[in-house]
Amino acid sequence: MTSTPTTSTVKKKKKPIYTHLYFWVLLGIALGIAIGIAAPGVGAEMKWLADLFIKLVKVVIAPTIFATVVVGIAGMGNLAKAGGLALRTVLYFNITTVFALAIGLVVINIWQPGAGLGYDIDSFDTSAADNAISSAGEADAGFTGFLLGLVPTSFASAFVDGQLLQVLLLAILVACALTMLGARAEGMIRGLDTFAKVMFGVIKLVMWVAPLGAMGGIAFTIGEHGSAILGSLASFMVSFWVTCLLFIFLVLGPICYASGFSLIKYIRFIKDELLIVLGTSSSETVLPRMLTKLEAAGTPKHVVGMTIPTGYSFNLDGTAIYMSMGALFIAQAFGVDVSIWTQIGLLVFMLISSNGAAGVSGAGLVTLAASLAAFDSVIPVAGIALIVGIDRFMSEGRALTNLTGNGIGTLAIARLTGDLDRDRLTYVLDNPDTVDVDALMKAEAEAGMNEINEGEKSQDALATDPVDQDGADTDRDGKTPEEAGSPRG
């Protein structure tokens with residue numbers, strides 16, 4: 001019913017480096033750094049390139065996720081199996097998020113980058129935090145707000161607003177309904193599968209803009225905030241990046257080992273996507289590419305279709321690390337001693353609030369402000385102003401960690417459910433050049449267009465020579481000429 005991307009089993013001739021996407025993305029990043037340093041004013045005005053690329057990708061993300069998830073779950077034909085996969089996925093992602101939050105708290109307590117700053121809340125300038133606090137106030141915090149945020153105001157609003165969590169809920173509901181229809185739903189499933197393939201073709205075209213997006217994003221970061229890394233905030237930024245690396249190697253590394261593959265080889269496998277995220281500070285820009293790449297690495301369509309979109313809503317490990325460390329850094333900067341029990345309470349609250357972070361613009365900063373608002377009697381939420389200036393540098397670490405964790409989680413869950421093709425994964429990780437994502441997306445798009453063309457030809461044939469299933473000619477009322485009382489010919 002559905003097609004699966006395949007990789008060549010024969011070692012391909014090595015392509016020139018300039019034919020690889022990562023070469024152009026690296027070139028874009030290098031040019032962006034040069035512009036940001038040499039002409040900060042020009043660099044600060046180039047953010048629109050990154051915004052343009054992100055908007056182009058976001059246009060197709062919601063419909064692609066919807067079609068992929070529906071086809072994946074409905075293609076299983078078993079609601080119990082789909083429910084079991086969803087439960088394992090959510091449990092796994094929440095467990096890893098707990099580890100991310102805990103590691104963040106441990107490192108910030110040991111490193112203490114905010115100690116000694118000695119800020120006074122009464123004389124502190126909070127103007128830089130006004131936007132984040134205002135946005136946090138508009139967002140519903142807590143478990144109730146999270147549940148209400150799952151349901152869109154209308155079927156179309158989830159797609160219009162780009163709320164991935166709501167799109168995921170609608171996709172699951174539609175997939176369950178199609179599964180209950182049985183054979184009658186096969187045409188709808190084939191149509192959605194064709195639609196998803198067409199979306200992958202659009203994404204392939206959009207990826208040509210990725211180097212420009214990376215250049216604009218890095219130029220803006222260096223040009224606008226280059227001086228912000230000087231001084232005491234540098235220690236906090238470094239501690240955050242170190243914590244992200246600790247989480248990847250101490251938590252995700254053993255998960256990779258238990259799942260039968262190498263963390264280093266996996267990172268090499270997704271290097272193109274990591275570079276795009278580094279330039280754009282958004283993991284959403286590579287979501288469709290990750291779907292295709294993990295499927296080509298031996299993960300079935302239904303597992304990829306369920307796990308990756310769920311991970312983008314429930315597995316924001318980098319955001320979780322940022323939230324726990326940011327809260328304690330602010331407390332240290334104002335000389336607030338936060339008890340261990342309060343820190344545990346903060347961890348539990350952030351575990352819930354981080355699940356809804358994917359639907360919030362400026363997710364890390366705004367969700368941190370929303371969480372601190374619940375603990376304002378202990379940690380001043382206005383302290384957000386301290387880290388606004390370097391948030392852009394932190395956002396890259398958040399996005400890279402989120403992306404790495406989501407891909408590893410997908411492979412780990414596929415192994416847990418017995419769906420992972422381990423031989424295929426081993427071969428692909430050993431020979432990453434055998435997976436050409438652009439070629440796979442092109443093949444998906446061509447397959448989708450061929451299906452559309454064949455469908456049109458079938459309709460044309462029926463229109464010129466209407467024949468019923470038994471081969472008898474029929475009129476518009478479905479009657480044979482004899483039944484209609486008119487002579488044949």
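Among contacts in the chain between residues at least 6 apart in sequence, 84% join residues at least 24 apart. That figure, like everything else here, comes from a predicted model. The chain has 22 helices and zero strands. Out of its 489 residues, 52% count as buried.

What about the aromatic side chains? Searching the whole structure turns up eight aromatic pairs. Take F66 and F155: their ring centres sit 6.0 Å apart and their planes meet at 85°, which is over the 60 degrees needed, so this pair counts as edge-to-face. The two partners come from distant parts of the chain, 89 residues apart. F66 belongs to helix α3 (residues 47-76), while F155 is found in the loop between α6 (142-150) and α7 (157-161). F66 has a relative accessible area of 11%, and because that is under 20%, F66 is buried. F155 comes out at 45%, between the 20% and 50% cut-offs, so F155 counts as partly exposed. Together with F159, F66 and F155 make up one aromatic cluster.

Aromatic rings also turn up beside charged side chains. K293 lies over the face of F269, at 5.2 Å from the ring centre.

Helix α13 (residues 271-280) and helix α14 (residues 287-296) have axes that come within 10 Å and cross at roughly 170°. An angle over 145 degrees counts as roughly antiparallel, so that is the label for α13 and α14.

Most residues other than glycine have a negative phi. Q112 is not a glycine, yet its phi is positive, near 50°. Where does Q112 sit in the chain? Its place is in the loop between α4 (79-111) and α5 (130-138). With a relative accessibility of 40%, between the cut-offs of 20% and 50%, Q112 counts as partly exposed.

Key:
Residues numbered from 1 in each chain as written. Predicted model: local features only at pLDDT ≥ 70, side-chain atom pairs only at ≥ 80, totals over all residues. Heavy atoms only, no water. Helix = DSSP H or I, 4+ residues; strand = E, 2+ residues; numbered from the N terminus. Buried < 20%, exposed > 50% of the residue type's maximum accessible area, 1.4 Å probe, protein only. Contact = heavy atoms within 4.5 Å. Phe/Tyr/Trp six-rings, centres within 6.5 Å; stacked < 30°, edge-to-face > 60°. Lys NZ or Arg CZ within 6 Å of the ring centre and 35° of its normal. Axes fitted to C-alpha atoms, helices over the stretch in contact; angles between N-to-C directions. Parallel < 35°, antiparallel > 145°, perpendicular 65-115°, else oblique.
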